Amino acid sequence: MSTKKIIYSTDGLPLEVSLRKAERKNKLKAALLVGPLFVFILITYLFPIADMLFRSVDDRMITKLLPKTFIELEKWDGKALPEENVYEALYRDFYPLAIAKESGKLFQRLNYEKSGFSSGLKRTNRKIKNFEEGNFKEQFIEAHKIWNNVEYWVALKNTAPNFSYAKYLKGLDLKLNQDREIIRIEEDRRIHIILWLRTIKVAFWVTIFCFILSYPIAHLLATLPMKYSNLLMICVLLPFWTSLLVRTSSWMVLLQQQGPINDFIVMIGLVSDDSRPELMYNVVGTFVAMTQILLPFMVLPLYSVMKTISPSLMRAGKSLGGTPFVAFRKIYFPLTIPGIGAGSLLVFILAIGYYITPALVGGASGSLISNTIAYHMKSSLDWAFASALGAMLLTGVMVIYWLYNKIVGIDNIKLG
Amino acid sequence: MALPNYTPIHYRIWHYTYLTICTLVFFFLIAPLFVIFPLSFNAEQYIHFSAGMIALDPEAFSLRWYEDMIWGTKNPWGLATKNSIIIAFFATIGSTILGTVAALGLSSRHMPYKGLFMAVLISPMIVPLIISGTAIFFFMAKVGLASTHTGIVLSHIILGTPFVVITVTATLTGFDHSVTRAAASLGSNPVNTFMKVTLPLILPGVISGALFAFVTSFDEVVVVMFLAGLEQTTIPIQMWVGLREQLSPTILAVATCLIIMSTLILVTAELLRRRSERLRGINR
């Protein structure tokens, strides 16, 4: 006969229950501590990002502006010109907009759907104020020929769905044609693919440059005696703590046509004084400045990994007959791979979303996708498109972030 | 790093090449910052070295751009400095408190879904600023906080907390929890234990997190650019505007001041880090 002996805690409960209770209480305590920040981030950061994603697919503007028309259009088969009832509904929707001068949004959005809409609508906008009751179909057709063209009506009907991924297609230089098929846009207007490729290319090469430059100095920092390495560490940390704008402006000083670097090139006779190369406002400036600015983010993880590698390993490798090069390749380098991974992913993540530096030293040929997002946020005011580009960039960053978390572990990020 | 004298010649060459490469990289890292110093004392309105400056002629140097920065007519730096300090001050307090409390929870071994929460709380540091800026702008506009100091402070709290969370969690990894249990067994309540026992021990981490949060806010330009009206202009915004129009020596004077400030912050942060590591008995 085996009866389990139950152990009781001091408060008379079985120990198991008491422990579970304590465990639950501790969990709750920990969660309560994290709670305030989590709720704060949720409300002010995660929801807004979700809202931004929603904006990028939200396409209810036209349906909201022309509600009656869309109700009537639903019954229309899309083959012959619509009947009088549709034209009347359009008049009932359009007339108040024209009077209140609120029809402007329509022009741009519909012209994006089919070119020619804008001029047709503008003309209709002027003439609609003089329309008379009855026989709207004739009056519309008289106002502009687009209303006599089935294709335009189909295009209008195509905007009916509340959600559209058209902005995402636009971000990849694609569009929907009349029959809702995805096609590439005209060759001379394909600018976004170039931008994406350039952004990835710049981020990739900046990561490579950072790696090549930081490996030797991280090694030096990790192997030098403390009193020297602490001093040299300041060279890494000072740029890290210095304002991004300060560092960018120092590059603007250095890279300008009359700047020290150009002076130096002229002095050593590489180029003549009147053919100083343009080092700034192109992709060269973006590369150089971004590499220097992001270098500390590569040095610090590499350093912290190299610090843990015992020098006796290399000595053992050499004593077993390996040349220093073999010992390095077979022992040291493989041990630093975690640091390389951490640094590269961090630099790549930061580089791919870089905005300030390319905007200031990049010029037109050195600007990246972030600059285009900013342009659509502040100048063209196509917020939905900016959101769609942002969402695409965010997806890329999140994939790398996930990788980083898998490989390095997010709690292993080192600062300073 | 002196080499033993039996070192073969090709290793010697390799060794000195390696040191030269390292020197060049350190130069590449640090030299751009120093080019600003002399140019900010330029007597002329150019931002390249004049012949007089190269000849070290005292006539070629002056403090006029510093005077312009402080007393210049219609200059925006006074308002910008005031705004920057106010915003960074409140943002630092906010992110330090929220971040420290969250870090305490995150480093408890009882915390469920630790990795997930950590990933979410760190995300403002990882997501490109332009995306954070866009999203935060939509939000602040919706709740009516666009073009207000409050809105900017809140958004800087968002951007600053990841740094506090990271530094404080790092400090807490070597934390000996028996001291808090000892305090509790002696009858101290949790708040008292935190204030009297935990906080003094993790203070270096908290302060260096706070410094990060301060610098993040003080240097932040993208989100402010979306949110700020004319009244909320900050130092980075003024620099941004100035750099886009024309690089003037006044901006270099401001930049010099900022470099001095960041040097001071760096020294403080380094001293704190060393003290914290000594306290926690971590030998490097």
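**Close-up views of a two-chain predicted model**

**View 1. The two domains of chain B.** In this predicted model, the centres of domain 1 and domain 2 of chain B lie 35 Å apart, taken over C-alpha atoms. Domain 1 of chain B covers residues 9-65. Domain 2 of chain B covers residues 77-245.

View 2. Helix α10 of chain B takes in residues 190-219. How far does α10 of chain B span between its end C-alpha atoms? The span is only 36 Å. A straight helix of 30 residues would reach 44 Å, at 1.5 Å a residue. Look along α10(B) for a kink of about 60°. The kink lies at B:Leu203.

**View 3. The side of chain B that touches chain A.** Here 75 residues of chain B are in contact with 70 residues of chain A. Which helix of chain B gives the most to this side? Helix α1 of chain B, residues 9-34, does, with 11 residues. The side of chain B that touches chain A holds 61 nonpolar residues. Another 11 residues there are polar, and three are charged.

**View 4. The overall form of chain A.** Chain A has 19 helices and two strands. Along its principal axes, the C-alpha trace of chain A spans about 100 × 100 × 35 Å. The radius of gyration of chain A is 32 Å. For a compact globule of 416 residues, the value would be near 22 Å. Of the 416 residues in chain A, 38% are buried. Take the contacts in chain A with a separation of 6 or more: 66% of them join residues 24 or more positions apart.

**View 5. The two domains of chain A.** Domain 1 of chain A runs over residues 61-161. Domain 2 of chain A runs over residues 192-412. What distance separates their centres? Taken over C-alpha atoms, the centres of domain 1 and domain 2 of chain A are 53 Å apart.

View 6. Helix α19 of chain A covers residues 383-407. With 25 residues at 1.5 Å a residue, α19 of chain A should span 36 Å. Which glycine follows α19(A)? It is A:Gly409, whose phi is positive, near 90°.

Note on methods. Residues are numbered from 1 along each chain as its sequence is written. Chains are lettered from A and ligands numbered from 1 in the order in which they are written. This is a predicted model: local features need pLDDT of at least 70, side-chain atom pairs count only at pLDDT 80 or more; totals for chains, interfaces and linings use all residues. Domain bounds come from an automatic or database domain assignment. Helices (H or I, at least four residues) and strands (E, at least two) are DSSP runs, numbered from the N terminus. The expected span of a helix is 1.5 Å times one less than its number of residues. The bend at a residue is the angle between axes fitted to the seven residues ending there and the seven starting there. The radius of gyration is taken over C-alpha atoms; the globule rule is 2.2 Å times the number of residues to the power 0.38. A residue is buried if 20 or more other C-beta atoms lie within 10 Å of its own, exposed if 12 or fewer, and partly exposed in between; C-beta atoms are placed from the backbone. Two residues are in contact if their C-beta atoms, placed from the backbone, lie within 7 Å. Ala, Val, Leu, Ile, Met, Phe, Trp, Tyr, Cys and Pro count as nonpolar, Asp, Glu, Lys and Arg as charged, and the others, Gly among them, as polar.
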